Number of protein chains: 2
Amino acid sequence: MNPSWVLKHRPDGEVQSTDLEMVESPIAPLADDQILMKNIYLSLDPTNRVWMSSRDQYLPPVGIGEVMRGVTVSVVEDSTSSRFQPGDTVLLGQGGWQLYTACDASKATRIRRRDNIPLTAALSVLGTTGLTAYCGLLDVCRPNSGETLVVSAGAGAVGSIVGQIAKIKGCRVIGIAGGPDKCRWIVDDLGFDGAIDYKSTDVGDALDRLCPDGVDMNFENVGGSIMDAVFSRMNLNGRMALCGMISSYNSEDPVAGPADFGRVLMKRLTIQGFVVLDYLSRAREAYADLAAWIGSGQLLWKDHVVHGLDVAPEAMNRLFSGNHDGKLIVQLADEPSDATFLQPLPAGPGKRGQP
Amino acid sequence: MNPSWVLKHRPDGEVQSTDLEMVESPIAPLADDQILMKNIYLSLDPTNRVWMSSRDQYLPPVGIGEVMRGVTVSVVEDSTSSRFQPGDTVLLGQGGWQLYTACDASKATRIRRRDNIPLTAALSVLGTTGLTAYCGLLDVCRPNSGETLVVSAGAGAVGSIVGQIAKIKGCRVIGIAGGPDKCRWIVDDLGFDGAIDYKSTDVGDALDRLCPDGVDMNFENVGGSIMDAVFSRMNLNGRMALCGMISSYNSEDPVAGPADFGRVLMKRLTIQGFVVLDYLSRAREAYADLAAWIGSGQLLWKDHVVHGLDVAPEAMNRLFSGNHDGKLIVQLADEPSDATFLQPLPAGPGKRGQP
């Protein structure tokens, strides 16, 4: 039997466990060229909340009665495909909030195992999270050395990688994050030039102090008043990569654009929304660069693993409260014992890998 | 003596003649490498209203007590420069609202005379107006054949050229304009696929009818609710070239962005503000293309000429009421009799040139 979370009704505000229902269903026998996988890790991302809503979005909303959509790292248990053998570790874009997934083999991507990097990285720094940061910064923001970048949710899974890549590219980087611990981490360990604790500081005042010459690039994950504070300080020819608007995801209400939209014209700004799905063709190059930066100690990250399929709905809300420390991942089952990912990380600055 | 309009105080709302003062001042003798010009035509553009305000903008505001800034077509009367002779016709980016301008020769650009094209075209289709349309469409909107473009102020000096170039590039073009005559002109004479009279029609309803498959590109001249109606119908990977926000220029209040800004993310839209000054390096190619399209009858335009420096402040308001028909130009003095521009236009569709 396969336990799974199905969407019962669309959440109003924060996700409640009662918005989803845990059901058990039998696993159907495989058709030709299919695989049955056990899902080991499930990625939790702010965009999952959008999928639960009926708002106009970039994928069809998850239907009522359907298994909740989610990206998983999974191990093949059974296969009628010549491409996969039992024991293979794969990434599944739509593994879902369930313990087992059976689907066409074409939906799975073999994960390249890398020494000394934990398997969870396939959902974080070496997964769509890292690809989002890489392409959003390099392809959308298009940084030039010496420019100033402000990244909101700067200690988040995406934002922390964005800031570090920007540092590698010679930029000045200011992160906006919630709380002193996160602010300390991005400055002391990740090398950001400054951090703004939006929970205790007026973001606009802090930006005036930390970015006296304005902001050239905004990697925006939050939206709302934080975005507006950055926007109103954007320089001539500034670029905003709109990656997320987490401040609005718990509501169905439309979220307003910048209050002084005329600045787009006067400062010749470019605002570009993007979704990582548009950049899958860049994945090979991105992962090679990201892995190299990890190897050279220039790129650190944290995975925050919670345990058990049953906690998934509740854990989702940590993304919105900020009550998590790194990429949020649910572990659904034990890792297979032969995974090279399980090798201990080398001694280093001490902040790499799981907290 | 040189009559000129100087800015007396910043307008509140529409420009009043009392916001400027007509003064007469003596013309100083030329220094080395300078020219004295008589200004024949003065361009009136919505952006002039922005220059009169103190809002944060792309050029310094015109100072109180300074001659109002304006682009002119001028004839050299006296020269201490080896580059210009009396009688030369030049374009002057900052000729100003005055009859005579004396300045460094480096500020003037010789106008290339083209057979059968009136001199006023140097301020419209073959001037910054045409360059704005050309670069805003081709470089910012980046049209693909078969895509749908909506252009606001579609019968305006810029918008009417934008739509015609888009047609040349194989796009479907819908123009938003004020009143039946303008709507008829852009469809019947310019070949737009449809027109929306915003004065008598709900723009959103009309867009639903005329663009059932949504909008790929928005060339935006107006802002406000008209922009919002187009924005909320933008397709995946849509582009908005923000050229102007004329609906807000008579106010100092900030003007809000799109009401559903989340669409930028969900549809991966790109919004780019631009100012023609950034594209001067494209002028040679643009004018060659524009002149060729004029020659082949594919590009029509209208210049609306009013007469006398004294009417300039009042004429400005026509830009905001829509009470003009084509590029608004003030004639300050007679054209020199030897200008080849004065040759009559060839018989054609009958809508080319001055009305």
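In chain A, residues 24 or more positions apart make up 68% of the contacts with a separation of 6 or more; two residues are in contact if their C-beta atoms, placed from the backbone, lie within 7 Å. This is a predicted model, in which local features need pLDDT of at least 70 and side-chain atom pairs count only at pLDDT 80 or more, while totals for chains, interfaces and linings use all residues. Residues are numbered from 1 along each chain as its sequence is written, and chains are lettered from A in the order in which they are written.

**Overall build of chain A**

- Chain A has 10 helices and 15 strands, taken as DSSP runs numbered from the N terminus (helices are H or I with at least four residues, strands are E with at least two).
- A compact globule of 355 residues would have a radius of gyration near 20 Å, and the 20 Å of chain A agrees; the radius is taken over C-alpha atoms, and the globule rule is 2.2 Å times the number of residues to the power 0.38.
- Of the 355 residues, 51% count as buried, that is, with 20 or more other C-beta atoms within 10 Å of their own C-beta, placed from the backbone.

**Two domains in chain A**

- Domain 1 covers 2-124 + 301-342 and domain 2 covers 129-277, with bounds from an automatic or database domain assignment.
- Their C-alpha centres lie 28 Å apart, and the contact takes 15 residues from domain 1 and 12 residues from domain 2.
- Helix H1 (residues 46-52) of chain A gives the most to the domain 1 side, with three residues.

**Where chain B meets chain A**

- Here 28 residues of chain B are in contact with 29 residues of chain A.
- On the chain B side, helix H7 (262-266) and strand E13 (270-273) each supply at least two residues.
- That side has 16 nonpolar, seven polar and five charged residues; Ala, Val, Leu, Ile, Met, Phe, Trp, Tyr, Cys and Pro count as nonpolar, Asp, Glu, Lys and Arg as charged, and the others, Gly among them, as polar.

**Strand E13 and its partners**

- Strand E13 (residues 270-273) of chain A runs antiparallel to E13(B), joined by three bridges; strands pair if DSSP finds at least two bridges between them.
- Within this pairing, Gln272(A) stands opposite Thr270(B).
- E13(B) also pairs with strand E12 (residues 234-242) of chain B, in the parallel sense and over four bridges, and Gly273(B) is the bridge partner of Leu242(B).
- Both faces of E13(B) are covered, with Thr270(B) and Gln272(B) buried on one side and Ile271(B) and Gly273(B) buried on the other.

Key: A residue is buried if 20 or more other C-beta atoms lie within 10 Å of its own, exposed if 12 or fewer, and partly exposed in between; C-beta atoms are placed from the backbone.
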